[in-house]
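Let us read a protein model together, one feature at a time. Keep the sequence and the 3D view open as we go.

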Amino acid sequence: MSLSAEYCSDKTGDWGGGGGGGGGALAHQRRLIRGLLVWATLLTLGLGTLITLHFIHRESPAPSELQVWLRSVIYTLKNKETPLMVFSPYWKDTDKVKLLQWITVRPVFIEVEVNGKEKLMVKEDGQYFLYLQVTLHPQEKANHTITLQSEQRQVILKGIINGSKGSTIFMANGIPLDSSDTLIVTCHPEAKIQAFHTETFLGVIKLSST
């Protein structure tokens, strides 16, 4: 836990005593506190990095799923071989949407169904990382449940937008997918959803083949 220099100086008072020399002592105290806070922050970040590297790189006979995913992500990014697909909305802002429809410029390992565009068909087996952002129209004030699900593996992502407090939700998850599987995104109850590509989008990164 860290405290601001102003908070610490207010609570601890003037270490140099009263009188004319108090201002210099207080300034010195504040410099010391700021220095300690900087060192504490650096030490905390360093410790966090060491712990993360330990869990990523340690040899274990039965690595956790998180370790496997982290290793895959790091390996992929280091080798700059990240196959990425981004899907944009395919509806109007004025439409009431229940099944979200998508378009993509370059189908690779997942393609949009020709008729309807609400189903995304997986073409290749593999380990995938999926992320989804949905933004409701400002007029929508009720709660809405956003779900990304697979025909074979059921629910992958699920979250609730509290319309009275906000209008956007972002979710992500890593999961293995099989070829011939399909993905759909639903909004319940149906709602007006912003169709601009920076407000609502679906992205898929293929980490590895199985």
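Reading the fold

Q: In what order do the elements of the chain run from the N terminus on?
A: The model is predicted. From the N terminus on, the elements run α-α-α-β-β-β-β-β-β-β-β-β-β-β. The secondary structure comes to three helices and eleven strands.

Q: What pLDDT does the chain average?
A: Confidence comes before detail. The average pLDDT of the chain is 75, and 61% of the residues score at least 70. Over residues 1-20 the pLDDT is below 50, although the model gives this stretch 25 contacts beyond near neighbours in sequence. Residues 49-63 also have a pLDDT below 50, with ten such contacts. Where pLDDT is low, the predicted coordinates should not be read in detail.

Q: Which strands form the open sheet, and in what order?
A: Follow the partners from strand to strand. Five strands make an open sheet in the order S3-S1-S11-S6-S9, with antiparallel pairing. S3 and S9 (168-177) stand at the edges with a single partner strand each, so one side of each has no neighbour in the sheet.

Q: How many bridges join S1 to S11, and how many join S1 to S3?
A: Take one partner at a time. S1 (residues 84-89) pairs with S11 (residues 201-208) in the antiparallel sense over four bridges. Val 86 is opposite Gly 203 there. S3 (residues 102-103) runs antiparallel to S1 and is joined to S1 by two bridges. Pro 89 has Trp 102 in S3 as its bridge partner.

Q: Which strands pair with S10 (residues 182-192)?
A: Check each pairing, then find a residue pair in it. S7 is one of the partners of S10, antiparallel over six bridges. S2 (residues 96-99) pairs with S10 in the antiparallel sense over three bridges. Lys 96 is opposite Lys 192 in that pairing. S5 (residues 120-122) pairs with S10 over two bridges, again in the antiparallel sense. Here Leu 120 stands opposite Leu 183.

Q: Which residues are the bridge partners of Leu 148?
A: A strand can have a partner on each side. Leu 148 has Leu 157 as its bridge partner in S8. In S10, the bridge partner of Leu 148 is Val 185. S7 and S8 (residues 154-161) pair in the antiparallel sense over seven bridges. Those two strands form a hairpin, with three residues between them.

Q: Why is S7 (residues 144-150) largely enclosed by the rest of the structure?
A: Count the buried residues. Five of the seven residues of S7 are buried, so the rest of the structure largely encloses this strand. Across the chain, 32% of the 210 residues count as buried. In a regular strand the side chains alternate between the two faces of the sheet.

Q: Is Ser 150 buried or exposed?
A: Look at its accessibility, then at its contacts. Ser 150 is found in strand S7. The cut-off for buried is under 20% relative accessible area. Ser 150 has 3% relative accessibility, so it counts as buried. Its side chain makes a polar contact of 2.5 Å with the side chain of Asp 181. Leaving out residues up to four places away in sequence, Ser 150 touches Ile 156, Leu 177, Asp 181, Thr 182 and Leu 183.

Q: Which residues touch the most other members of the largest nonpolar core?
A: Start with the residues that have the most core neighbours. The largest nonpolar core has 33 residues, and Phe 87, Leu 100, Trp 102, Ile 110, Leu 132 and Ile 146 touch the most other members. Take Ile 110 next. Not counting residues up to four places away in sequence, Ile 110 touches Met 85, Phe 87, Leu 120, Met 121, Val 122, Lys 123, Leu 183 and Val 204.

Q: What share of the contacts with a separation of 6 or more comes from residues 24 or more positions apart?
A: Look at the whole chain now. Such residues account for 64% of those contacts. The accessible surface comes to about 12800 Å², and 59% of that surface belongs to carbon and sulfur atoms.

How values were computed: Residues numbered from 1 in each chain as written. Predicted model: local features only at pLDDT ≥ 70, side-chain atom pairs only at ≥ 80, totals over all residues. Heavy atoms only, no water. Core = buried A, V, L, I, M, F, W, Y, C linked by side-chain atoms within 4.5 Å. Buried < 20%, exposed > 50% of the residue type's maximum accessible area, 1.4 Å probe, protein only. Contact = heavy atoms within 4.5 Å. Pairing = 2+ DSSP bridges. Areas by Shrake-Rupley, 256 points an atom, 1.4 Å probe, with all protein chains shown as cover. pLDDT = per-residue confidence, 0-100. Polar contact = N/O pair within 3.5 Å; in protein donor to acceptor, adjacent residues only side chain to side chain.
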